[in-house]
Amino acid sequence: MSTVIETEEQKALRAAVAALGKRYGRAYFTSVVQAGGHPDELWSEAAKLGYLGVNLPEEYGGGGGGITELCLVLEELGAAGSPLLMMVVSPAICGTVIARFGTDAQKHAWLPGLADGTRAMAFGITEPDAGSNSHRITTTARRDPTTGEWLLTGRKVFVSGVDIADATLIVGRTEDARTGSLKPCLFIVPRDADGFRRRQIDMELQAPEKQFELVLDDVRLPADALVGDEDAGLLQLFAGLNPERIMTAAFALGMGRYALARAVDYAKERSVWKTPIGAHQALAHPLAQAHIELELARLMMQKAARLYDDGDDVGAGEAANMAKYAAAEACVKAVDQAVHTLGGNGLTREFGLASLVTAARVARIAPVSREMILNYVSHQTLGLPKSY
């Protein structure tokens, strides 16, 4: 691996995205949330500038880069106070899976729209009775023997952005004819498909992306709704889950950087005694620690993205989990310390930090809990026996 952390092109991309984020900022984002809308203007401009599809193949209108560039985009928008959560789902998970494993028809149908922002795709894997245990997924697909079409039945929960997505990439299971066991597969389900229903989940979290429960009642899909090889579903699934973890790290890093910057600005200006409060080590040191931990998490995120872009799926799996863990912990600590630095002002709407207290915890919980990451590292990296 090269010792160069970021190329000149990546540094230029970071600066350009930061400038875009600054033009919108937290005030814009908050107004969108309060209005119950989606940051369409920012989404469209980011798409027009080529940022949304920076990881997708050039032949389909993308930038020809990788997850390295895409997580850089999300981090900088988050650091400006305007994170685009659907970037985690649409170009990172769904776009990556279709680009790597989709048919030519699927690539032509979806990748140009995902790249230019005119189309979006949600991702449904979590189920009410499965949680972190993907082996208990009960959403099943069976073939209609007369037509070759698929019939998909099941339920999903905590699926982001279904209302603004043109389709949802659903993780289901099909029966292996040789063994009789169920194996994971990925299906593109159009938003208006018969039997495909959604119910919005009432969340305490304030975000433009709504959460949904999905019900699939014998949803009939064409034979070409299956993405990739039916016998390689697990490989294809993790090809999307690793970018999801890396992008979640970017989301958390951006949020942590935003909170820390607000706290540092406040600590430089706020004077209670004779000097700014930032001169006192009781405040300065925790802010310095938060900065260090965010920077360390970013290094792991960059390592994970590089490994993934280099085609090392096994190495990327370990690093992606570690990056997501580190970034989530660093984000929660940075937000907590930022609120504490501002005191009562940290809980006011004016300073815009209070809402991050809830939002920061999302990275600890989703798309996989920190405890499941610790399980992964203890089993896969350290070779310790499983407890379950």
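Tutor: The conversation below goes from the chain as a whole to a few of its residues. This is a predicted model, in which local features need pLDDT of at least 70, side-chain atom pairs count only at pLDDT 80 or more, and totals for chains, interfaces and linings use all residues. Residues are numbered from 1 along each chain as its sequence is written, and side-chain values use heavy atoms, with hydrogens and water left out.

Student: What is the average pLDDT of the chain?

Tutor: The average is 93, and 95% of the residues score at least 70; pLDDT is the predictor's confidence in each residue, from 0 to 100.

Student: Which elements have the lowest and the highest mean pLDDT?

Tutor: Strand E5 (residues 182-190) has the lowest, at 90, and helix H3 (residues 67-79) has the highest, at 98.

Student: How many helices and strands does the chain have?

Tutor: There are ten helices and eight strands, taken as DSSP runs numbered from the N terminus (helices: H or I, at least four residues; strands: E, at least two). The radius of gyration is 21 Å, close to the 21 Å that the globule rule gives for 388 residues, so the chain is as compact as a globular protein of that length. That radius is taken over C-alpha atoms, and the rule is 2.2 Å times the number of residues to the power 0.38.

Student: What share of the residues is buried?

Tutor: Of the 388 residues, 52% count as buried; buried means under 20% relative accessible area, exposed over 50%, and partly exposed in between (1.4 Å probe, protein chains only).

Student: New topic: where does Leu214 lie?

Tutor: Leu214 is in strand E7 (residues 211-221) and is buried, with a relative accessible area of 0%. Leaving aside residues up to four places away in sequence, Leu214 touches several residues, among them Val159, Ile170 and Phe196; contact means heavy atoms within 4.5 Å.

Student: What is the phi of Phe158?

Tutor: Phe158, in strand E3 (residues 150-160), has a positive phi of about 55° and is not a glycine either.

Student: Lastly, which residues does the cis peptide bond join?

Tutor: It joins Ala366 and Pro367, with omega about -5°. Pro367 is placed in the loop between helix H9 (354-365) and helix H10 (370-381).
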